[in-house]
Amino acid sequence: MSNKNITTIPVKKKYEGAKMVGIYCRVSSTKKDQIKSLAAQISALTNYVALLSGHVLYDTYFDIASGSTLEGRPGFKRLLADCESGQILFVLTKSASRFSRDIVIALQAIQKLATTGVTVHFEAEGIDSNTPDLYTHLTAHLAVAEMEHQSRSENITWGIRSSAEQGTSKIYNQKCLVM
């Protein structure tokens, strides 16, 4: 029997040393154009991660819900939990308004993630949680988004009310089935 030396070479993990990225996307409704927007967000951000050297996509998180609250946003909550557990070190989202439409919720989430070493990047605004004066920039972007959202909502409500008062609303022409 010969005495052979066997050297074991450890398997190198494929993504060892890579920064794990979580993508967060959100739309407000299940309307066809909103679902197309969600798909476009996911596709664009996935391609963005593929081009980032040293970064690997960990998971994609999304919600079809209002960004004004945390209610009905399981994707956002799961993202925060994965960040807090150390699974993700970099969060990528299309824009500040996709992350949250509420300034307080957005700033609290970013502060919480910063304590765990997670960087949040807002692609449309070109800022991230390491940006000097982040809170000033983010507050301004989110304030504008909130005002636009509120204005759009008021305009839609006004249009519905106005057409109903003038008798031109198509809502009242719909057939109603009674059982």
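Which residue in β2 is the bridge partner of V27? In this predicted model, that partner is I64.

**Strands β1 and β2**
- β1 covers residues 19-27 and is mostly tucked away, with seven of its nine residues buried.
- β1 runs parallel to β2, and the two strands pair over nine bridges.
- β2 spans residues 55-64, and F62 sits in this strand.

**The surface patch**
- I35, F62 and I64 make up a nonpolar patch on the surface.
- Together, these three residues have about 240 Å² of accessible area.
- F62 counts as partly exposed because its relative accessible area is 42%, between the 20% and 50% cut-offs.

- In soluble globular proteins, nonpolar side chains tend to be buried together.
- The largest nonpolar core here has 21 residues, and L79, C83, V91, F99, V120 and F122 are the ones touching the most other members.
- At least two residues of this core come from each of α2 (74-84), α3 (96-99), α4 (103-115) and β4 (119-122).
- The top contributor to this core is α4, which puts in six residues.
- Leaving aside residues up to four places away in sequence, C83 touches I88, V91, L113, T116 and V118.
- Another core lies apart from the largest one; it has nine residues, including V21, I23, F90 and L92.

Definitions and conventions
Residues numbered from 1 in each chain as written. Predicted model: local features only at pLDDT ≥ 70, side-chain atom pairs only at ≥ 80, totals over all residues. Heavy atoms only, no water. Core = buried A, V, L, I, M, F, W, Y, C linked by side-chain atoms within 4.5 Å. Buried < 20%, exposed > 50% of the residue type's maximum accessible area, 1.4 Å probe, protein only. Helix = DSSP H or I, 4+ residues; strand = E, 2+ residues; numbered from the N terminus. Contact = heavy atoms within 4.5 Å. Patch = residues over 30% accessible without salt bridge, like charges linked within 9 Å, V, L, I, M, F, W, Y side chains within 5 Å. Areas by Shrake-Rupley, 256 points an atom, 1.4 Å probe, with all protein chains shown as cover. Salt bridge = Lys/Arg side-chain N within 4 Å of Asp/Glu carboxyl O. Pairing = 2+ DSSP bridges.
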